[in-house]
Amino acid sequence: MPKSPRDNDIEIKDISKNFGKFAALKDVSLSVKQGERVVVCGPSGSGKSTLIRCINGLEIHDAGSITVDGIILNHKTKSLEQIRSRVGMVFQQFNLFPHLTVLENITLGPVRAKKVTRQEADSRAMGYLERVKIPEQAHKYPGQLSGGQQQRVAIARSLCMEPKILLFDEPTSALDPEMISEVLEVMIELADTGMTLICATHEKGFARRVADTMIFMDQGRIVETAPPAKFFDSPDTDRCKTFLKQILHH
Amino acid sequence: MKKLAILLFLMLFLSGCSDNWGWYVVNPYSKSGWINLKFLMSGYYFTLLLSFTSIFISIAVGLLVALPGLSKNPWLRNFNRVYVEIVRSVPILVLILWVYYGLPPMTGLEINVFWAGVIALALSDSAFQAEIFRAGIQSIDRGQYEASHSISLNYKDTMRFVILPQAIRRILPALGNQLVYMLKMSSLVSVIGMQELTRKANELVVTEYRPLEIYTILVLEYLVLILVVSAGVRWLERRLKSDERV
């Protein structure tokens, strides 16, 4: 596999993605350095989810190129497999496996895809459950947990695959307000570990606290890229200003 | 079980009213009646063996036919459509006759009555199983595939550990239905001489000439069988549900 000479974890060049006639992404380019924490925001339909889903191959871009950890992403199984083993993903709707216990949810990937022994996987999973502060729920089913707990299990499930890069697709948008902070707390601790993170969210406090780079997307394009201080206090574009005003009203 | 008791009661009542009934042929207290009853009941062996062998094969074949139907590849999808449409449009009885009388000369294979029955029943049922599996798999949320994909599971492991366990729980009532259907359809294999419940009853009718009584027993035999099987399926459903708790 060709390794890119730069130490960027993710290199996105001019990608486009269409769903039928709808252009979800238009010539988007983005570089993310190792250990960088990027927060993506923008109105719904702006393409932030699509961008994140393209990075681990859940959607395949129509044009342009994506390189993740030196591997060129295309629709071939081999490339997708290599990318997936490096990139973890946390979904808005958690997407836990309802028929498996919390522990089984977390160990399925390591045991089946990474060929880790069951014992090793269990002890590793318990470690991650402690990190997301719910080791006592290990033998329950997802349906018995609260939304916040489920999302923390989903985070532990991703971490147990030991990815280099972790993607979050609006991880707190489906949660009741009182559960958002417990998930954000875990995410902030994660951000401090030096893992590369890309997170689509509108949580301003979280963004200010952890982001190295803020990205604002609108109508399939990246409209503004700035460090959080500048982004929130004096954004360059009007569209970004309007959007920030709207989300600050809640 | 209550219904069964009522039916038995009604039958005795009716038999008392009419001189034309001749329950002696199946009277368990007379020697010949007991022999006749045992003869009729011995049909259970092949009815069960035939039905369960066929349903296992048809579930396996149904799954194998359902999976290409969910593929993005149009050739694989067409294979699924053509298989389902063709198999579904042949009546079971016709299929049984064709497999028993047509297949051996065509292929040069020797197929005995039992396996001809199994092939015909399994083949015909597999088209329905394929549709049931397809619906069950399609009902699973796309997020489950995406989550599997994000933890690097390949297609086989995704199906085996994530999608099918959930799909099977959902289609269990439909699979139970197919099993009941299969138990009843197995009676058609009597036409090629399979010694199952219906064939035994037919043979006894020929020697005893008491169709009313013997066929009534036959009805009861199927009724008991299917009530027991349905209760078993419901028990299984409850058990699988209780460890999911969604």
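Reader: What makes helix H1 (residues 48-55) of chain A count as largely enclosed by the rest of the structure?

Author: Eight of the eight residues of helix H1 of chain A are buried, so this helix is largely enclosed by the rest of the structure; buried requires 20 or more other C-beta atoms, placed from the backbone, within 10 Å of a residue's own, exposed means 12 or fewer, and partly exposed lies in between. The buried residues of H1(A) are A:Lys48, A:Ser49, A:Thr50, A:Leu51, A:Ile52, A:Arg53, A:Cys54 and A:Ile55, and just after H1(A) the residue A:Gly57 takes a positive phi of about 80 degrees. This is a predicted model, in which local features need pLDDT of at least 70 and side-chain atom pairs count only at pLDDT 80 or more, while totals for chains, interfaces and linings use all residues. Residues are numbered from 1 along each chain as its sequence is written, with chains lettered from A and ligands numbered from 1 in the order in which they are written.

Reader: How confident is the predictor in chain A, and what share of the residues scores at least 70?

Author: On pLDDT, the predictor's confidence in each residue from 0 to 100, chain A averages 90, and 96% of the residues score at least 70. Over residues 1-5 of chain A the pLDDT is below 50, and beyond near neighbours in sequence this stretch has eight contacts in the model, a contact being two C-beta atoms, placed from the backbone, within 7 Å. Where pLDDT is low, the predicted coordinates should not be read in detail.

Reader: Why are H3(A) and H5(A) described as roughly parallel?

Author: The axes of helix H3 (residues 102-112) of chain A and helix H5 (residues 147-159) of chain A come within 8 Å and cross at roughly 25 degrees. Angles under 35 degrees count as roughly parallel, over 145 as roughly antiparallel, 65 to 115 as roughly perpendicular and the rest as oblique, and H3(A) and H5(A) are therefore roughly parallel to each other. Their contact is made by A:Val102, A:Asn105, A:Ile106 and A:Gly109 of H3(A) together with A:Val153, A:Ala156 and A:Arg157 of H5(A), and by class it has four nonpolar, two polar and one charged residues.

Reader: What makes H2(B) roughly antiparallel to H9(B)?

Author: The axes of helix H2 (residues 31-41) of chain B and H9(B) come within 8 Å and cross at roughly 150 degrees, which makes H2(B) roughly antiparallel to H9(B). B:Asn36, B:Phe39 and B:Leu40 of H2(B) make this contact with B:Lys200, B:Ala201, B:Leu204 and B:Glu208 of H9(B), and the residues involved divide into four nonpolar, one polar and two charged.

Reader: What is the orientation of H3(B) relative to H9(B), and why is it called that?

Author: The axes of H3(B) and H9(B) come within 7 Å and cross at roughly 150 degrees, and that makes H3(B) roughly antiparallel to H9(B). Here B:Gly43, B:Tyr44 and B:Thr47 in H3(B) meet B:Leu197, B:Arg199 and B:Lys200 in H9(B).

Reader: Is B:Leu204 buried or exposed, and how do you know?

Author: B:Leu204 has 24 C-beta neighbours inside 10 Å and therefore counts as buried. B:Leu204 is found in helix H9 (residues 197-208) of chain B and, not counting residues up to four places away in sequence, touches B:Asn36, B:Phe39, B:Leu40 and B:Ile214. B:Leu204 and B:Ile214 are ten residues apart in sequence and 7.6 Å apart in space, C-alpha to C-alpha.

Reader: Is B:Asn73 buried or exposed, and what decides the matter?

Author: With 9 other C-beta atoms within 10 Å, B:Asn73 is exposed. B:Asn73 lies in the loop between helix H3 (43-69) and helix H4 (74-88) of chain B, and its C-alpha atom is separated by 36 Å from that of B:Leu50, 23 residues away along the chain.

Reader: What secondary structure does chain B have, and how much of the chain counts as buried?

Author: Chain B comes to ten helices and zero strands, where helices are DSSP runs of H or I of at least four residues, strands are runs of E of at least two, and both are numbered from the N terminus. Of the 246 residues of chain B, 30% count as buried, and the C-alpha atoms fill a box of roughly 75 × 50 × 25 Å, taken along the principal axes.

Reader: How many residues of chain B are in contact with chain A, and which elements of chain B give two or more of them?

Author: 18 residues of chain B are in contact with 22 residues of chain A, and the elements that give two or more residues to the side of chain B that touches chain A are helix H7 (142-150) and helix H8 (155-185) of chain B. The residues of that side divide into seven nonpolar, six polar and five charged, with Ala, Val, Leu, Ile, Met, Phe, Trp, Tyr, Cys and Pro taken as nonpolar, Asp, Glu, Lys and Arg as charged, and the others, Gly among them, as polar.

Definitions and conventions. Axes are lines fitted to C-alpha atoms, for helices over the stretch in contact, and angles run from 0 to 180 degrees between N-to-C directions.
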